[in-house]
Amino acid sequence: MDHKEGSTLATVFEKLKQPEPNWQQLLEDIISGFDCSTGTIHFLDQDTSLLQLQAHKGIPPFLIPKLSTIPIGKGMAGIAAERKEAVEMCNLQTDSSGVARPAAKETKVEGSIAAPMLLDGKLYGTLGIAKPVPYDFTEEERNDLLKIGEEMSRVLATR
């Protein structure tokens with residue numbers, strides 16, 4: 001982990017200790033710490049099993065309605081939630097796997113990753129970040145995102 005990411009983890013973990021975390025600020029810290037331009041946090045609604053948008057940055061306004069509620073199994077966030085593992089794309093613009101939804105290309109991002117927020121195997125939501133250039137996230141970066149998701153889940157589990 002490089003110095004910037006290490007300090008990002010420390011900052012995020014510190015902010016998660018607050019009684020009422022500012023999810024938008026947390027997302028912005030995570031995006032900045034991973035040198036990304038765009039990101040989303042979705043919380044799982046345990047009653048409907050739908051992912052609900054909690055915070056976002058860098059998403060074009062016309063896409064917000066498409067991102068506000070995501071079924072498990074749809075798009076990168078939904079697939080990360082379904083598989084309970086990080087889903088990644090080096091270049092979302094050229095993806096032909098069907099994982100990225102057609103509207104996702106409108107974000108103009110390329111290197112992207114969606115990580116499940118898990119605590120003791122239970123899903124609490126997803127965390128997604130992306131860069132405006134093709135990029136393969138390292139195993140360390142994936143693990144750091146999963147650690148952040150676990151800490152976020154810990155906060156949600158106590159509500």
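These legends describe close-up views of a predicted model.

View 1. The elements follow the order α-α-β-β-α-β-α-β-β-β-α along the sequence. The protein chain has 159 residues, and 47% of them count as buried. Its exposed surface comes to about 7,700 Å². Carbon and sulfur atoms supply 51% of that area. Take the contacts between residues at least 6 apart in sequence: 56% of them join residues at least 24 apart.

**View 2. The hairpin of strands E1 and E2.** E1 covers residues 38-45, and E2 covers residues 50-57. The two strands pair in the antiparallel sense. Seven bridges link them. Look for Leu44, which stands opposite Leu51 in E2. Four residues lie between the strands. At this hairpin, Ser49 takes a positive phi near 60°.

**View 3. Strand E2 beside strand E3.** E2 also pairs with E3, which spans residues 69-71. The sense is antiparallel, and there are three bridges. Leu50 stands opposite Pro71 in E3.

**View 4. Helix H4, mostly covered.** H4 runs over residues 75-83. Seven of its nine residues are buried. They are Gly75, Met76, Ala77, Gly78, Ile79, Ala80 and Ala81. What covers them? Strands are included in the cover. Among them are E2 and E3, the pair from the previous view. Strand E4 (87-89), strand E5 (112-119) and strand E6 (122-130) also take part. Just after H4 comes Lys84, with a positive phi of about 55°.

**View 5. Helix H5, residues 139-157.** This helix has 19 residues. From its first C-alpha to its last, H5 reaches 26 Å. That is close to the 27 Å expected at 1.5 Å a residue. Which residues of H5 are buried? The list holds Glu141, Asp144, Leu145, Ile148, Gly149, Met152, Ser153, Val155 and Leu156. An α-helix has 3.6 residues a turn, so residues three or four places apart point the same way. Follow the buried residues Glu141, Leu145, Ile148, Met152 and Leu156 along the helix with that spacing in mind.

Note on methods
Residues numbered from 1 in each chain as written. Predicted model: local features only at pLDDT ≥ 70, side-chain atom pairs only at ≥ 80, totals over all residues. Heavy atoms only, no water. Expected span 1.5 Å × (residues − 1). Buried < 20%, exposed > 50% of the residue type's maximum accessible area, 1.4 Å probe, protein only. Pairing = 2+ DSSP bridges. Contact = heavy atoms within 4.5 Å. Areas by Shrake-Rupley, 256 points an atom, 1.4 Å probe, with all protein chains shown as cover.
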